[in-house]
Amino acid sequence: MYHGKVDLHLHLDGSLSEDVVARLLQREGITMSREELQHNLRVEPECTSLVEYLQKFEVPGQVLQTEYGLELATYELLQRLAGQGLIYTEIRFAPQLHTRKGLTQQEVLKSVLRGAAQAQRDYPTIRAGILLCAMIGGSENRATFDLAKDFYGNGVVGVDLAGAEGSRPMDDYAPLFHDMATCNIPYTIHAGECGSWENVKRAIELGAQRVGHGCGAIKNEECMDMLRRNHITVEACVVSNLQTKAVPSLQSHPIKPFFDRGIAVTVNTDNMTCSNTTLRHEHETIASAFDFTDDDFRAMDANAIRGAFCPEAEKQALLEKL
Ligand SMILES: [Zn+2]
């Protein structure tokens with residue numbers, strides 16, 4: 001079976017290994033048994049909502065408040081991904097969530113970039129870009145996007161909007177994204193995770209080149225057509241969508257209709273630890289429900305590379321590696 005090599009939608013805080021969390025907790029004088037760690041980091045199979053899912057970010061949020069923790073977590077994540085055979089990934093996080101102990105957003109970002117740079121030196125088979133997330137309801141989004149301007153091309157490859165979709169109108173964030181468009185900084189937006197095709201449409205109208213999840217698009221033909229015509233890359237995260245009940249069942253996940261209608265859909269993990277998944281597990285899950293060939297999976301990896309926010313020359317090199 002073909003194993004995925006590219007993950008465009010991966011949150012740092014949802015993808016920490018138990019070992020890293022245990023080490024960082026220990027530095028704070030906290031010990032947790034393996035069972036407690038698992039309970040605090042992973043959703044139960046019977047997870048019923050996005051709210052329950054988001055509770056699993058509390059402990060990661062607690063330990064990712066120091067330069068040491070952020071650098072270590074990023075390094076170890078890329079080390080693991082390289083070991084799984086990935087050749088490219090984009091890791092995203094919201095700097096404003098890591099300033100509780102006094103770090104500035106810039107110090108947070110620099111720590112992540114140090115970890116990413118060191119991992120790519122030690123494991124040259126993997127390349128990584130960093131995406132900076134603005135948060136729905138966040139008060140420091142402007143500073144995050146200003147930081148993206150300062151570091152674009154130096155580790156940062158683009159930006160995102162994450163958080164509780166639907167709790168605020170997407171249009172509240174239009175000025176931020178117009179600013180990014182003016183600076184030619186590409187962006188993806190979490191849209192359609194909770195069923196809204198209107199949010200997918202709005203994300204495209206706001207200039208997003210990619211949408212995170214996009215599940216809701218299947219409800220509206222015009223929206224499906226917009227995805228295809230505008231060559232929007234859809235970052236599907238199937239296992240996560242099942243856990244948060246973004247889709248009622250695996251069989252009803254729109255990944256197959258997206259693919260069959262020529263939409264540039266890709267396979268992603270979202271949160272490796274919280275969702276207890278890997279890119280390989282995503283492929284196996286998808287293959288268990290849908291009729292995808294190895295060539296189809298390879299085509300979705302190619303979609304991911306074409307939709308990546310890294311420089312064009314790097315994309316060509318990655319496409320050749322496929
Ligand atoms: Zn996400």
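This is a predicted model: local features need pLDDT of at least 70, side-chain atom pairs count only at pLDDT 80 or more; totals for chains, interfaces and linings use all residues.
Helix α7 is followed by G153, which has a positive phi near 90°.

Helix α7 spans residues 141–151. Its buried residues are N141, T144, F145, L147 and A148. These residues cover an arc of only 150° around the axis, and therefore lie on the same side of α7. Their cover includes α6, β3 (127–135), β4 (156–162) and α8 (174–182).

F151 also belongs to helix α7. F151 has 17 other C-beta atoms within 10 Å and is therefore partly exposed; burial would require 20 or more. Leaving aside neighbours within four places in sequence, F151 contacts L109 and V156. The C-alpha atoms of F151 and I130 are separated by 9.9 Å. Along the chain, F151 and I130 are 21 residues apart.

Helix α6, part of the cover of α7, also packs against helix α5. Helix α5 comprises residues 67–83, and helix α6 comprises residues 105–122. The two helices meet at an angle of about 35°, and their axes are 7 Å apart. The crossing of α5 past α6 is right-handed. On the α5 side, the contact involves E67, L70, E71, L72, A73, T74, Y75, L78 and Q79. On the α6 side, it involves E107, V108, S111, V112, R114, G115, A116, Q118, A119 and Q120. The residues of this contact divide into 9 nonpolar, 6 polar and 4 charged.

In soluble globular proteins, nonpolar side chains tend to be buried together. The largest nonpolar core of the model has 95 residues. Within this core, L78, V159, A203, V234 and V265 touch the most other members. Helix α5 gives the most to the core, with 8 residues. A203 touches M170, I189, A191, A208 and V211, not counting residues up to four places away in sequence.

Helix α13 (residues 279–289) also has a buried side. Its buried residues are L279, E282, H283 and I286. They cover an arc of only 95° around the axis, so they fall on the same side of α13. The elements covering them include the strands β1 (6–11) and β8 (264–267). The helices α11 (238–243), α12 (255–260) and α14 (294–307) are also among the covering elements.

Positive phi values also occur in residues other than glycine. H213 has a phi near 75°. This residue lies in strand β6 (residues 210–213). H213 counts as buried because it has 29 C-beta neighbours inside 10 Å. K245 is not a glycine either, and its phi is positive at about 65°. K245 has 16 C-beta neighbours inside 10 Å, so it counts as partly exposed. H213 is thus buried, whereas K245 is partly exposed.

Methods: Residues are numbered from 1 along each chain as its sequence is written. Axes are lines fitted to C-alpha atoms, for helices over the stretch in contact, and angles run from 0 to 180 degrees between N-to-C directions. Helices (H or I, at least four residues) and strands (E, at least two) are DSSP runs, numbered from the N terminus. A crossing is left-handed if the near helix is turned anticlockwise from the far one by less than a right angle, and right-handed if clockwise. Two residues are in contact if their C-beta atoms, placed from the backbone, lie within 7 Å. Ala, Val, Leu, Ile, Met, Phe, Trp, Tyr, Cys and Pro count as nonpolar, Asp, Glu, Lys and Arg as charged, and the others, Gly among them, as polar. A nonpolar core is a set of buried Ala, Val, Leu, Ile, Met, Phe, Trp, Tyr and Cys residues joined through C-beta atoms within 7 Å. A residue is buried if 20 or more other C-beta atoms lie within 10 Å of its own, exposed if 12 or fewer, and partly exposed in between; C-beta atoms are placed from the backbone. The arc is that of the directions from the helix axis to the C-beta atoms.
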